Amino acid sequence: MALGVIPRLEAAQLLTGAQAVAHAMRQIEPDVVPVYPITPQTPIVEEFAQMVADGRCDTEIINVESEHSAMSAAIGASVAGARVMTATASQGLALMIEVLYIAASMRCPIVMPLGNRALSGPINIHCDHSDAMLARDSGAVQIFTENGQEAYDYTLMAVRLAEDERVRLPVLVNLDGFTLTHSAEAVELLADEVARAFVGRYRPHYPLLDTRRPTTQGPFDMPDFYYEHKRQQDEALRSVLTVFPEVQHAYAEATGRNYLGYYEAYCLEDADFALVVLGSTAGTAKAVVEALREEGQRVGLLKLWLFRPFPHAAVANALRGKQAVAVMDRALSFGSWGPLYTEMAAALYGLPEAERPQLYNFTYGLGGRDVTPDQIAEAFRRIQDPRTPTQHMHYLGVRA
Amino acid sequence: MIATRIYPNGEPTRPKTLKELADRESREPRFQGGHSLCAGCGVPLVVRMVLNAIDTPVVVVNATGCLEVATTRYPSTAWNVPWLHVAFENAAAAASGVEAAFRVLSRKRRQGQPIPFDLPEEVRIVAFGGDGGTYDIGLQALSGALERGHRFTYICYDNEAYMNTGNQRSGATPPLAHTTTTPVGEQSLGKLQQRKDLTEIAVAHHVPYVAQASISHWQDLVRKIQRAVHVDGPSFLNVLAPCQRGWGYDPAQTVEIARLAVETCYWPLYEVIDGDYWLNAWPRKPLPLTEWLKVQGRFRHLLRPENRHLLDALQQQVNRKWELLLRKCEGRVLEV
């Protein structure tokens, strides 16, 4: 990007993903933030609470007694007319899932970083994407991030996306538990004025606290209207396919940070064999792609930022004509293919048969199992071997 | 003494007659007819008295239940005040969010920040929930909100069972009552457990104001609402609101049934102000509990001669609780 970029940035700092997200929250300065601790999200709300305690940000923190109440209070505050954020993970998301669906249906633009962690049982505090997949059909927008920098940038972008007139929906910003939330790396924050100007002021729709213009919100819907309301909600979520690139473009204009598209393509254009991945595993996969490229293998990577709504057409276009694609799922959909694989299969089925790659499903890294370069290389090896079965769940890094 | 503790700027005007109360309503109808609550339902009486007793802007948060379902069937609404429903168990949590939003937006306005809508100078936040949504599934959210000290009033309209789904047992259902999930049968006499004392649970949160009221004693109820919304912190009202369908009586008798609950000392009227108990209705000659039970279908089985001992046991329980309450009041009586 243009040279003007550099003065707009603070110098790079050593920050954990949680700290980076907390700084984004400080710069956003939401009016209300209900907080409830859960590993590995806790450091986000701890860092943020300290910033509020130090007077660096004027926010009303509500120390709720559960995540169910966190999302319920978030809805109350959002409908009342306030800008609202919260954060959670795993069981916390599971507990609030009932209310997350309602937040989406009430069109509450609540931004919520999610420190991805496996769901119980057995109880486990480490990373996988089973929590995010639990919210797959909630109606919330879902963004996945690769590193602390992306988690920071997308938390800021999420506010613009959530509050867009065409969207008005909750946005979940996924960052892998521990791998991102607790690991320190160099993150470049924007200057406060730049971040604040980008986010802008919140303009509520029909605020409940406008008592001279009373509104009834969350009424009882019968078969004569429910269906239309759900269709409108689906259209709002689909509109993110239009709004997401606009927000990315605005962010690039304001900051010089280029995030253009629903996904990052890494060595993808001339690749014959591609890997599709969400979250921090992309970092490991890039190193593997580079190593294999040096050996002459034509491999590449597609890292999705946007998971909900799912950009089927764009993804199909990016993978058109590849020989084979490995879809990496860090969550199970028991009794079916992985959640990402089913989306990819739906996307690629739209391609003419001659241009449709062979598709392989790999499960990996459940419950924080280490994701090694060897596992990624193994996935690439298998999809280049014509004897490898398709329509088969390949488990990486698991004992037999 | 109480008045100065609660109203530093003087007491609000209080209607002296039902007509005065109704006149307030015709000036500014906050809750309209045309809803689909049953004939003889006690709940809309609670709502109308609450909204008429408050003379400032109000925001209502409503738990799922009869009141929510019957008053907001899209695209119509009975509410002329801002109204929010999220789910069954979270009215107190959603009200916490509304209150926090009001607090922070008011603060930011005082600091000179523009607020993009017409934010009122003051607002009373009132949450309504039935006994299912309050004693049971919403208890955690209520406890959290009381403990955090939000300035709001939670009003439980207590009809002693899950009435919206057709009379299933709740933590508020009295012992030996017939419900559809504790049915009376050859081997069963109705609910076999005690009733949860939610008013005392609220008191244990050491909030500034907790009261128990009944739709039959409307002046007492209006006075309590005005007190509740004036305290600087959370307040909780538990209001007996009989359900003719679930309790099994003539719909014309709702107010009388509620009055009998007070006059038999089954449902004492009292308030707890900063920890001090005050008795608000002292039946000098309490009626026997049977007078209340015998007019309700849900207790019909207790009137059979072989169940006489159960009636006696229930009466003794009421007597014990009443005596305990008198001891807590230590002679403090305040009747309207």
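**Exercise 1. Identify what covers the buried residues of helix H12 of chain A, and state which residues those are.**

Solution. Step 1: list the cover. The buried residues of H12(A) are covered by elements of chain A that include strand E9 (263–266), strand E10 (273–278), strand E11 (299–304), strand E13 (324–329) and helix H13 (339–348). Helices (H or I, at least four residues) and strands (E, at least two) are DSSP runs, numbered from the N terminus.

Step 1: name the buried residues. In H12 (residues 312–319) of chain A they are Val315(A), Ala318(A) and Leu319(A). Buried means that 20 or more other C-beta atoms lie within 10 Å of the residue's own; exposed means 12 or fewer, and partly exposed lies in between, with C-beta atoms placed from the backbone.

Step 2: look down the axis. The buried residues of H12(A) fall within an arc of 90°, so they line one face of the helix. The arc is that of the directions from the helix axis to the C-beta atoms.

Step 3: check the ends. Pro309(A) lies in the loop between strand E12 (306–308) and H12 of chain A. A cis peptide bond, with omega about -5°, links Arg308(A) to Pro309(A). Just after H12(A), Gly321(A) has a positive phi of about 80°.

A note on the model. This is a predicted model, in which local features need pLDDT of at least 70, side-chain atom pairs count only at pLDDT 80 or more, and totals for chains, interfaces and linings use all residues. Residues are numbered from 1 along each chain as its sequence is written, while chains are lettered from A and ligands numbered from 1 in the order in which they are written.

**Exercise 2. Describe how chain A is divided and how its domains touch.**

Solution. Domain 1 of chain A covers 11–199 + 219–253, and domain 2 covers 262–393. These bounds come from an automatic or database domain assignment.

Step 1: Taken over C-alpha atoms, they are 26 Å apart.

Step 2: count the contact. Domain 1 of chain A gives 28 residues and domain 2 of chain A gives 22 residues. Two residues are in contact if their C-beta atoms, placed from the backbone, lie within 7 Å.

Step 3: find the contributors. On the domain 1 side, elements supplying at least two residues each include strand E5 (141–144) and helix H9 (226–238) of chain A. E5(A) supplies the largest share, 4 residues.

Step 4: sort by class. The domain 1 side has 13 nonpolar, 10 polar and 5 charged residues. Here Ala, Val, Leu, Ile, Met, Phe, Trp, Tyr, Cys and Pro count as nonpolar, Asp, Glu, Lys and Arg as charged, and the others, Gly among them, as polar.

**Exercise 3. Work out what chain A brings to its contact with chain B.**

Solution. Step 1: count. The contact takes 44 residues from chain A and 44 residues from chain B.

Step 1: Helix H4(A) gives the most to the chain A side, with 10 residues.

Step 2: sort them. The chain A side has 22 nonpolar, 12 polar and 10 charged residues.

Step 3: take a residue of H4. Ser78(A) is found in this helix of chain A. Ser78(A) is buried, with 31 other C-beta atoms within 10 Å. Beyond its neighbours within four places in sequence, Ser78(A) is in contact with Val84(A), Cys108(A), Pro109(A) and Ile110(A).

**Exercise 4. Is Ser90(A) buried or exposed, and what is its phi?**

Solution. Step 1: locate it. Ser90(A) is in helix H5 of chain A.

Step 1: count neighbours. Ser90(A) has 30 other C-beta atoms within 10 Å, so it is buried.

Step 2: read phi. The value for Ser90(A) is near 40°, positive in a residue other than glycine. Most residues other than glycine have a negative phi.
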